[in-house]
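Subject: Structure handover

Hello,

Here is the structure for you to look over. My notes follow below it.

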Amino acid sequence: MVLPTFGAVLCLWFRKSNPVFCFLISMALFYFGDDASLTQIAAGYMLIPIFWMIFTISEERGILNPTGFSKGLSLLSCGLIIATLGYPANDLGIFANLWIDLHYAIQWRPSWGGWMPLPAPALGSFALATLVLTVKVIRKHRPMDLGYLGGLVALFGAALKHGEPSASLIFISLASLLLVLGLFQESHRMAFLDELTSIPGRRALLADMKKLGRHYSLAMVDIDFFKKFNDTHGHDVGDQVLRMVSSRLSQTGGGSRAYRYGGEEFTLLFPGKSIDEALDYLEDVRERIQDTIFVIRGTDRPQKKPSNSKKKITRKRPEGKQTKVTISIGLSERTDKQEEPSDVMKKADRALYKAKDKGRNCVITK
């Protein structure tokens with residue numbers, strides 16, 4: 001099993017522990033069932049999707065720590081439980097009937113379930129895990145979650161083809177491949193996407209600038225007095241401001257692309273646009289940000305509603321403090337065929353400093 005082994009080593013290199021346990025499940029599944037009873041096989045396919053789901057939705061904490069050790073022990077316990085189910089009922093004395101009932105429950109199919117490819121508990125486990133991971137993919141939009149979901153579906157295919165080594169190998173290899181692809185895509189996303197604002201970061205900007213054509217405009221954007229604002233209202237409110245500004249900039253229009261350059265600075269690229277064409281879009285987004293009102297939550301305001309929600313509260317709750325945010329923008333255009341993207345950025349940066357000197361909350365062209 002070269003691919004699962006390679007994936008596990010790769011995850012350790014990227015310091016990702018949850019995929020490592022998923023790769024271990026894939027490797028164990030390949031060797032599972034040669035001498036196993038029907039009950040052990042049914043129990044394995046009942047527990048595997050549950051553990052897969054737990055590992056994929058749990059918080060990433062690494063391996064060499066109590067959380068990692070507990071996950072490893074839980075996976076080992078799963079193997080021991082499956083191994084124990086192979087113990088003959090005849091040697092259990094008065095507990096023999098309970099042991100037989102447990103075996104029956106694990107292999108149970110309803111009277112109308114002759115069409116089921118797996119026993120009902122195993123099929124239910126796969127369905128539950130698939131539902132949970134699908135919801136996570138829809139909510140988070142993360143490549144690694146999509147890899148987890150695809151890997152689970154591939155393992156379901158391996159379960160359907162149990163007893164056919166070549167088919168099982170194909171499905172298990174597919175599950176491992178999907179995990180590896182998800183890991184690479186997640187690493188790419190973390191490298192090129194700003195985690196706080198969810199827009200591309202500086203690395204993505206520098207990469208995209210190398211692909212620009214001969215005609216484009218570039219704007220450097222800075223949040224006015226952000227350090228003072230951050231010191232006054234706290235970093236949590238400052239993060240909200242950064243997310244708001246990035247959201248507005250992403251909606252600028254004109255075919256623009258928004259990037260977080262660093263700190264409170266952002267960049268807007270306008271491929272194929274002149275300064276005059278980009279100026280109206282920048283003025284529009286500057287005014288929209290200027291008109292956005294923030295209501296800062298008071299320190300004594302409860303985070304949750306009172307438990308007695310039916311009781312009417314006649315006392316008027318004090319309003320939070322309202323504040324506004326403005327931005328300064330420096331805009332430049334590539335006018336010389338010999339100009340490098342870095343030269344255009346420097347011109348926009350100089351225009352930005354002029355905007356600050358002029359009083360901020362304005363757009364200055366260079």
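Start with strand β1, which pairs with strand β3 (residues 265-271) in the antiparallel sense over 7 bridges. Helices (H or I, at least four residues) and strands (E, at least two) are DSSP runs, numbered from the N terminus. Two strands pair if DSSP finds at least two bridges between them.

This is a predicted model: local features need pLDDT of at least 70, side-chain atom pairs count only at pLDDT 80 or more, and totals for chains, interfaces and linings use all residues. Residue numbers run from 1 along each chain as its sequence is written, and side-chain values use heavy atoms, with hydrogens and water left out.

**Strand β1**

A219 has L268 as its bridge partner in β3. β1 also pairs with strand β6 (residues 327-333), again antiparallel and over 7 bridges. There, V221 stands opposite I329.

How many residues of β1 are buried? The count is 8 of the 8 in residues 216-223, so the strand is largely enclosed by the rest of the structure. Buried means under 20% relative accessible area, exposed over 50%, and partly exposed in between (1.4 Å probe, protein chains only). Both faces are covered. Y216, L218, M220 and D222 are on one side, with S217, A219, V221 and I223 on the other.

**Salt bridges**

The count comes to 8 salt bridges. The rule is a side-chain nitrogen of Lys or Arg within 4 Å of a carboxyl oxygen of Asp or Glu.

D222 is buried, at 5% relative accessibility.

R260 and D194 form another, at 3.2 Å between the closest N and O atoms. R260 lies in strand β2 (residues 257-262) and D194 in the loop between α8 and α9 (202-209), so the pair ties together parts that are 66 residues apart in sequence. R260 is buried, with a relative accessible area of 15%. D194 is buried too, at 18%.

R189 and E186 also meet through their side chains (2.8 Å, N to O). They are 3 residues apart in helix α8, so about one helical turn separates them. R189 is partly exposed, at 26% relative accessibility. E186 is buried, at 7%.

Finally, E283, R286 and E287 are linked in a network of salt bridges.

**Largest pocket**

R189 and E186 come up again here. Along with K16, E60 and R142, they lie nearest the centre of the largest pocket, which has 20 lining residues. The elements giving two or more residues to that lining are α2 (18-30), α3 (38-57), α6 (120-140), α7 (143-160) and α8 (165-192). The space in the pocket is about 570 Å³.

The search uses a 1 Å grid over the protein atoms alone; a pocket is an open set of points where a 1.4 Å probe fits, with protein on both sides within 12 Å along at least five of seven lines, and lining residues have an atom within 4 Å of a point. The volume is the space filled by probe spheres set on the points.

**Surface patch**

W13, F14 and F184 make a nonpolar surface patch of about 380 Å². Such a patch takes residues with over 30% relative accessible area and no salt bridge, joining nonpolar side chains (Val, Leu, Ile, Met, Phe, Trp, Tyr) within 5 Å. W13 lies in helix α1 (residues 2-13) and is exposed, at 72% relative accessibility.

Best wishes

Definitions and conventions:
Patch = residues over 30% accessible without salt bridge, like charges linked within 9 Å, V, L, I, M, F, W, Y side chains within 5 Å. Areas by Shrake-Rupley, 256 points an atom, 1.4 Å probe, with all protein chains shown as cover.
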